[in-house]
Amino acid sequence: MSAVQTTKMSNFRWVICALLFLATTVNYMDRQVLSLTWKDFIAPEFHWNDNDYGTITGWFSIFYAIANLFAGKFIDWMGTKKGYLIAIFVWSTGAVMHAGCGWVAMNIEGYDSIEALRLVEAGSDAAVAIATISVWLFLSCRMILALGEAGNFPAAIKVTAEYFPKKDRAFATSLFNSGASVGALAAPATIPLLARAWGWEMAFVIIGALGYVWMGLWIWLYEKPHKNKRVNQAELNYIEQDSDIAEVQNKQEPKEEKTISFWKCFTFKQTWSFIVGKFMTDGVWWFFLFWAPAYFSDQYGYTSDSGMGIALIFTLYAICTVLSFGGGYLPKIFVEKYGMNPYAGRMRAMLIFAFFPLLGLLAQPLGAYSAWWPAILIGLLGAGHQSWSANIFSTVGDMFPKSTIGTITGIGSMAGGVGSFLINKGSGMFFTWAEGQGTAFSFFGFEGKPAAYMVVFSFCAVAYLIGWCIMKALVPKYKPIVVE
């Protein structure tokens, strides 16, 4: 028996997975600061309505989509260590910059204090001017935030492919991707309280600064597996088990893989399968991420800093977090117990998860009895999304060489950003219109704005099944891309 075989395998790959989890948690907390403060803290100050907020969230999604188109290629070019550092520095800086929007708006409009902005008569020309300039200021900060945040998932998926064999990638992805739920879970428990205690500006500063702390940990702990002194040969062999060079000794650097040109990526059905899956479903998660606090405030009167408001949002994301951990484990069972290839196991798991969002059809009807029903049902919908998301990301590693994973992830995330723009901007316009229509607009027994929520919830409920069917039609069987 060789020395390598008798050496106990190190498990440093899980430390790396923990770092990816922390980065994703910070990523989603930075996104949530605005959604948890706009309705009850920022909107009264700047005279925003739903359409104004929809403009900000919608265009953030477009900025994010465009940035994703280049972020994956940037990560592939720059490498995971430098690329991830640059991405989190940019988005953390953008997050902190939001805090200055009130001061800049006050000076541009010629007011002596922030309170003077709030006291302007609602609906007046002055209020419209304040709303307009503040929307543009927040959009500028959101653009910087989007530019940096676009690098998170391409970098994280690429790192997962570097540190885990194919059979473990969906599970590892589900673990770090649960940072999205944990970030969304931690956000309502902290951000409204920070905003109430020290102002909404400090909420942006404190949460944004967490990214700088993560950068120090990344510099200290990350290297590629064959260079990392914390990864022994036994673990390296485990990581590289899918490769012909899995038995390489003395941690020799793997041979450089050929990459696929950006435009050639669009010639593969596998790319379009990923694009469709992301386009149909990313917007659902972002809709609830951006609008859930406003929904409970609008429909039930529970502000984001009230005890009940915090409890509802916390419960929603607690359900997402706890249940989503199993999302990456289910395909592992299909692969190891039933002998499926990783892609087939993943697609079967994704079909199961695509049924979870159908519960969203009951959120509005049961909400007539208690606000807890929408919180629970949307939480189950969100758990289905997170489980779906962990697996759809892993299909990229199944099909494409490691050298192209960042690029394909970026392209798919761009499509998800476009879908998110449509649902967020569209919802803001739709809610404002429906509120003005009152009883003149009805849907499934609801009138006015509640009817509009029912329409959007209905789309969210069926989006996953539609996406899965198209993905399956495009790539019915496992067919990896081979670069000649």
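Student: Why does Ser273 count as buried in this predicted model?
Tutor: Set its value against the cut-off. Buried means under 20% relative accessible area. Ser273 has 4% relative accessibility, so it counts as buried.

Student: Where does Ser273 lie, and what is it in contact with?
Tutor: Ser273 lies in helix α12. Leaving aside neighbours within four places in sequence, it is in contact with Met471, Leu474 and Val475.

Student: Which hand does the crossing of α12 and α18 have?
Tutor: α12 passes α18 in a right-handed crossing.

Student: What makes α4 roughly antiparallel to α8?
Tutor: Again, the angle. Helix α4 (residues 80–97) and helix α8 (residues 152–163) pack at about 150°, with their axes 9 Å apart. The class begins over 145 degrees, so α4 is roughly antiparallel to α8. Their crossing is left-handed.

Student: Which residues make the contact of α4 and α8?
Tutor: From α4 come Thr80, Tyr84 and Trp91. From α8 come Asn152, Ala155, Ala156, Lys158, Val159 and Glu162. By class, they divide into five nonpolar, two polar and two charged.

Student: How do you know that Cys460 is buried?
Tutor: Its relative accessibility is 0%. The cut-off is under 20%, so Cys460 counts as buried. Cys460 lies in helix α19 (residues 449–474).

Student: What does Cys460 touch?
Tutor: Not counting residues up to four places away in sequence, Cys460 touches Val284, Phe287, Phe288, Pro357 and Ile423. As for Ala375, 85 residues apart from Cys460 along the chain, the two C-alpha atoms are separated by 15 Å.

Student: What does Phe287 touch?
Tutor: Its list holds Ala292, Ile423, Asn424, Ser427, Phe431, Tyr453, Val456, Phe457 and Cys460, not counting residues up to four places away in sequence.

Student: Which residues have the most contacts inside the largest nonpolar core?
Tutor: They are Trp48, Phe138 and Phe287. The core has 147 residues. Its largest share, 17 residues, comes from helix α2 (residues 12–46).

Student: Why is His47 called buried?
Tutor: Its relative accessible area is 19%. Buried means under 20%, so His47 falls within the class. His47 lies in the loop between α2 and α3 (50–78). His47 has a positive phi of about 60°, although it is not a glycine.

Student: And is Phe444 buried or exposed?
Tutor: Exposed. Its relative accessible area is 65%, and the class takes values over 50%, so Phe444 belongs there.

Student: Where is Phe444, and what is its phi?
Tutor: Phe444 is in the loop between β1 (442–443) and β2 (446–447). Its phi is near 50°, a positive value in a residue other than glycine.

Notes: Residues are numbered from 1 along each chain as its sequence is written. This is a predicted model: local features need pLDDT of at least 70, side-chain atom pairs count only at pLDDT 80 or more; totals for chains, interfaces and linings use all residues. Side-chain values use heavy atoms; hydrogens and water are left out. A crossing is left-handed if the near helix is turned anticlockwise from the far one by less than a right angle, and right-handed if clockwise. Helices (H or I, at least four residues) and strands (E, at least two) are DSSP runs, numbered from the N terminus. A nonpolar core is a set of buried Ala, Val, Leu, Ile, Met, Phe, Trp, Tyr and Cys residues joined through side-chain atoms within 4.5 Å. Buried means under 20% relative accessible area, exposed over 50%, partly exposed in between (1.4 Å probe, protein chains only). Contact means heavy atoms within 4.5 Å. Axes are lines fitted to C-alpha atoms, for helices over the stretch in contact, and angles run from 0 to 180 degrees between N-to-C directions. Angles under 35 degrees count as roughly parallel, over 145 as roughly antiparallel, 65 to 115 as roughly perpendicular and the rest as oblique. Ala, Val, Leu, Ile, Met, Phe, Trp, Tyr, Cys and Pro count as nonpolar, Asp, Glu, Lys and Arg as charged, and the others, Gly among them, as polar.
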